[in-house]
Amino acid sequence: KRLGWIWSDKLDDDSYALQAWMRADELNPEDLETLRALSGLYETLQSWEELSTVLGRIVEVGQVHGGITEDDMIALYVRIGEIEGDILGRIDFAVDAWRKVGALDPSDFRALDALEKLFTREARWEECIDVLQKRALMLDDPQERIDTLLQAAAIWEEKVEDLNQAAAIYDRVHEADVSNQ
């Protein structure tokens, strides 16, 4: 580990620093300091696949040995979701990461927004509708809630072509706001 710090901080040579940290990881694959150093180097080197993997390992090791808070886990899963979805294009991995964010904090609108975008991009309409309905339940503003439900109803109607499901949501909107017909 000491060589990793020297190569990275004193000599400013990321490739040798990476080799030193990788060797430290081989010797102790459950050391959070090593994993965090590797994540920083992978980020700098834009080694996205390796970064995503090591971020996942930080979560796993942190859960087993402590040293990681729930907020840390959320931040790590957010970054994994961004890397997997936006950079690597591995939608299922991105969805998994964003769902873990939502499981840790059901009111995290970043997770809902990301899932909605991923499902829309992949034409996974029913999953998109599910996300929209969850968002509607969490919204405080009645008009935003209605707009979100109308968006879900429109997807049922136009994309899934299930008029019964669309009508059920339109009925919910009507019950919530009789002026919206």
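The model is predicted: local features need pLDDT of at least 70, side-chain atom pairs count only at pLDDT 80 or more, and totals for chains, interfaces and linings use all residues. Residues are numbered from 1 along each chain as its sequence is written, and side-chain values use heavy atoms, without hydrogens and water.

Helix H7 spans residues 109-121 and helix H8 residues 125-138. Helices are DSSP runs (H or I, at least four residues), numbered from the N terminus. The two pack at an angle of about 155 degrees, with their axes 8 Å apart. Axes are lines fitted to C-alpha atoms over the stretch in contact, and angles run from 0 to 180 degrees between N-to-C directions. H7 passes H8 in a left-handed crossing (the near helix is turned anticlockwise from the far one by less than a right angle). In H7, the contact (heavy atoms within 4.5 Å) includes Phe109, Leu112 and Phe119. In H8, Trp125, Val131 and Met138 are among the residues met. The residues of this contact divide into 9 nonpolar, 1 polar and 5 charged. Ala, Val, Leu, Ile, Met, Phe, Trp, Tyr, Cys and Pro count as nonpolar, Asp, Glu, Lys and Arg as charged, and the others, Gly among them, as polar.

H8 also packs with helix H9 (residues 142-160). Their angle is about 165 degrees, and their axes lie 8 Å apart. H8 and H9 are therefore roughly antiparallel to each other. Their crossing is left-handed. Ile129, Leu132 and Ala136 are among the H8 residues in this contact. The H9 side includes Leu149, Ile155 and Trp156. By class, the contact of H8 with H9 has 10 nonpolar, 3 polar and 4 charged residues.

H9 in turn packs with helix H10 (residues 163-176). The axes come within 7 Å and cross at roughly 165 degrees. That makes H9 roughly antiparallel to H10. The crossing of H9 and H10 is left-handed. H9 contributes residues including Ile146, Leu150 and Ala153. H10 contributes Leu163, Ile169 and Val173, among others. The contact of H9 with H10 divides into 12 nonpolar, 1 polar and 2 charged residues.

Ring contacts were also examined. The charged end of arginine 90 sits over the ring of phenylalanine 93, 4.9 Å from its centre (NZ of Lys or CZ of Arg within 6 Å of the ring centre and within 35 degrees of the ring normal).

Definitions and conventions. Parallel < 35°, antiparallel > 145°, perpendicular 65-115°, else oblique.
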